[in-house]
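Here is a friendly walk through this structure for someone meeting it for the first time. Keep the view open beside you and turn it as you read.

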Amino acid sequence: SQPPMQRTKPVGDQAARAAAYAATWERLPEGDGRNQALYVHVKALVNDMGIPIDVARQTAIDWNQANIPPLSDKELEQTISDALKYASKKPAGCKNTEAKPPTLKAAAGEASEGVWQNAEAAIAGRRVTIPLTIAEISGLTHCTLPGEVVVVVGAPGASKSYWLLQEAANWFEQGHKIALLEAEKNVTYHLNRLAAQRSGYPGFVYPEWQKDHPELVASIKAEHKPFLDAFGRCMFDNSQNVLTMSSVIEWVKAQAEGGCRLILIDPLTVVDRERVQTWEADKHFMGAAQTICAKNGCTLLFVLHCTKAGTEPSLANVGGGATFTQLADCVLWLYSHDKEDGQDKTSHVQTPCGIAEVTHNRSILILKSRYEGTGRRVVCTFENLKLRSHGMGTAKPKG
């Protein structure tokens, strides 16, 4: 028998649904991802909700007027056109044809051979945990072993991007082959931050400071330009295109097969999930990432934002689908005490000489680790655009 004919809802009803959905969209200032947000919203209206294109377009135009400032007419139209170009050709809610399940086989031959190969590689120094500048993290979690997939989480202003730049530059300096995808802003923007970080002059990020200190700018250029040029060749950005999960995983695969030992993405949150069901995109990405890292012996680290509902460190408050935290090997939450509490924090840390009290403005909580350290906290300070550790947090001594 033939399937029943689908009845479409009246346009007025669809406009009301679109308007109700648009009422939940955040109004964004310039530089806060307005284009990316608009792209995702238009696709959601058309793909997930089945809203007619003309209604989706008008809803997007109405939302844009409340941004500060609004996107130009040209940017608005281009972004809407891009979203519609890549919108699903299937009706909303239509599932992909089920693929034939793979044939599962038991391990053949000597099933434990991989164990001894890994052990031999460790003895020979080929299978190692690559140290982080925050040594307690790598020492406890071994999160940079070959094959690991690591998630770094935090609220806006927690200094996630600066920390990732710090670690990436350190690994590059040690001679490790790395690749860093900057999903927000371009390579020049992040190299400007790196110049400020490595020179010890935080003001370098501002054009006003550069204008007032031309001699220092010349000195910073003379000292740091060779490193920035070399490091910049390991960096990638979106080249003004909308990144998708499939394009990013293809990039990860290309870098892994090209011999990169450490691959970083900052942040994954802004990357578009092309599928109607977002959890399917997350599951596909994480499954592919685990396979790529295991096959090529590399480590993938990527940044996620926390949810709008909660900024307290917990797996439930990690932005994106639950698949990210379920399939990640390690989840680290970097949080800022001066952002949350308006002041620095006093904590106790374990030192070789006993327990000491320190004042600090950052902490890293190990939310998940496949080795050890889950639930432990590293006490840190962020200053001069760098993160440094005071040690592992511990309870206040009695008495």
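How are helices α7 and α8 oriented to each other? Hold that question for a moment; please keep in mind throughout that this is a predicted model.

1. **α7 against α8.** The axes of helix α7 (residues 160-173) and α8 cross at roughly 75° and come within 10 Å. An angle from 65 to 115 degrees counts as roughly perpendicular, and the two helices are therefore roughly perpendicular to each other. On the α7 side, the contact uses Ser 161, Tyr 162, Leu 165, Gln 166, Ala 169 and Glu 173. These meet His 190, Arg 193, Leu 194, Gln 197 and Arg 198 of α8. By type, the residues of this contact are four nonpolar, four polar and three charged.

2. **α8 against α10.** Now follow α8 (residues 187-199) to helix α10 (residues 214-232): their axes are 10 Å apart, and the packing angle is about 130°. α8 and α10 are therefore oblique to each other, and α8 passes α10 in a right-handed crossing. From α8 come Leu 191, Leu 194, Ala 195, Arg 198 and Ser 199, while α10 brings Ile 220, His 224, Phe 227, Leu 228, Phe 231 and Gly 232. Seven of the residues in this contact are nonpolar, three are polar and one is charged.

3. **α7 against α10.** These two helices also pack on each other, with axes that come within 11 Å and cross at roughly 95°. They are therefore roughly perpendicular to each other. Here Leu 165, Ala 168, Ala 169, Phe 172 and Glu 173 of α7 meet Phe 227, Ala 230 and Phe 231 of α10. The contact has seven nonpolar residues, no polar ones and one charged.

4. **The sheet.** Next, look for the open sheet, in which 11 strands are arranged as β3-β2-β4-β5-β1-β6-β9-β10-β11-β7-β8 with mixed pairing. At the edges stand β3 (235-237) and β8 (354-360), each with a single partner strand, so one side of each has no neighbour in the sheet. On average, neighbouring strands are turned by 30° against each other, direction ignored.

5. Helix α12 (residues 278-296) lies across β1, β4 (262-266) and β5, at about 155° to β5. Gln 290 belongs to α12, and its contacts beyond four places in sequence are Gly 147, Val 149, Leu 327, Ala 328 and Asp 329. The C-alpha atoms of Gln 290 and Ala 328 are 8.4 Å apart, although the two residues are separated by 38 residues in sequence.

6. **Antiparallel pairs.** Elsewhere in the sheet, strand β10 (residues 377-383) runs antiparallel to β11, with six bridges between them. Cys 380 has Ser 389 in β11 as its bridge partner. The hairpin of β10 and β11 has two residues between the strands, and Asn 384 there takes a positive phi near 50°. β11 (residues 386-394) also pairs with strand β7 (residues 345-351) in the antiparallel sense, over two bridges. In that pairing, Val 349 stands opposite Gly 393 of β11.

7. **Two backbone spots to check.** As background, most residues other than glycine have a negative phi, and most peptide bonds are trans. Ser 159 has a positive phi, near 80°, and sits in the loop between β1 and α7. The peptide bond from Asp 266 to Pro 267 is cis, with omega near -15°. Pro 267 is found in the loop between β4 and α12.

8. **Salt bridges.** How many salt bridges does a search of the whole structure find? The search gives six. One to look up joins the side chains of Arg 57 and Glu 77, at 2.7 Å from N to O. Arg 57 is in helix α3 (residues 53-64) and Glu 77 in helix α4 (residues 73-85), so this pair ties together parts that lie 20 residues apart in sequence.

Conventions: Residues are numbered from 1 along each chain as its sequence is written. This is a predicted model: local features need pLDDT of at least 70, side-chain atom pairs count only at pLDDT 80 or more; totals for chains, interfaces and linings use all residues. Side-chain values use heavy atoms; hydrogens and water are left out. Axes are lines fitted to C-alpha atoms, for helices over the stretch in contact, and angles run from 0 to 180 degrees between N-to-C directions. Helices (H or I, at least four residues) and strands (E, at least two) are DSSP runs, numbered from the N terminus. Angles under 35 degrees count as roughly parallel, over 145 as roughly antiparallel, 65 to 115 as roughly perpendicular and the rest as oblique. A crossing is left-handed if the near helix is turned anticlockwise from the far one by less than a right angle, and right-handed if clockwise. Contact means heavy atoms within 4.5 Å. Ala, Val, Leu, Ile, Met, Phe, Trp, Tyr, Cys and Pro count as nonpolar, Asp, Glu, Lys and Arg as charged, and the others, Gly among them, as polar. Two strands pair if DSSP finds at least two bridges between them. A salt bridge is a side-chain nitrogen of Lys or Arg within 4 Å of a carboxyl oxygen of Asp or Glu.
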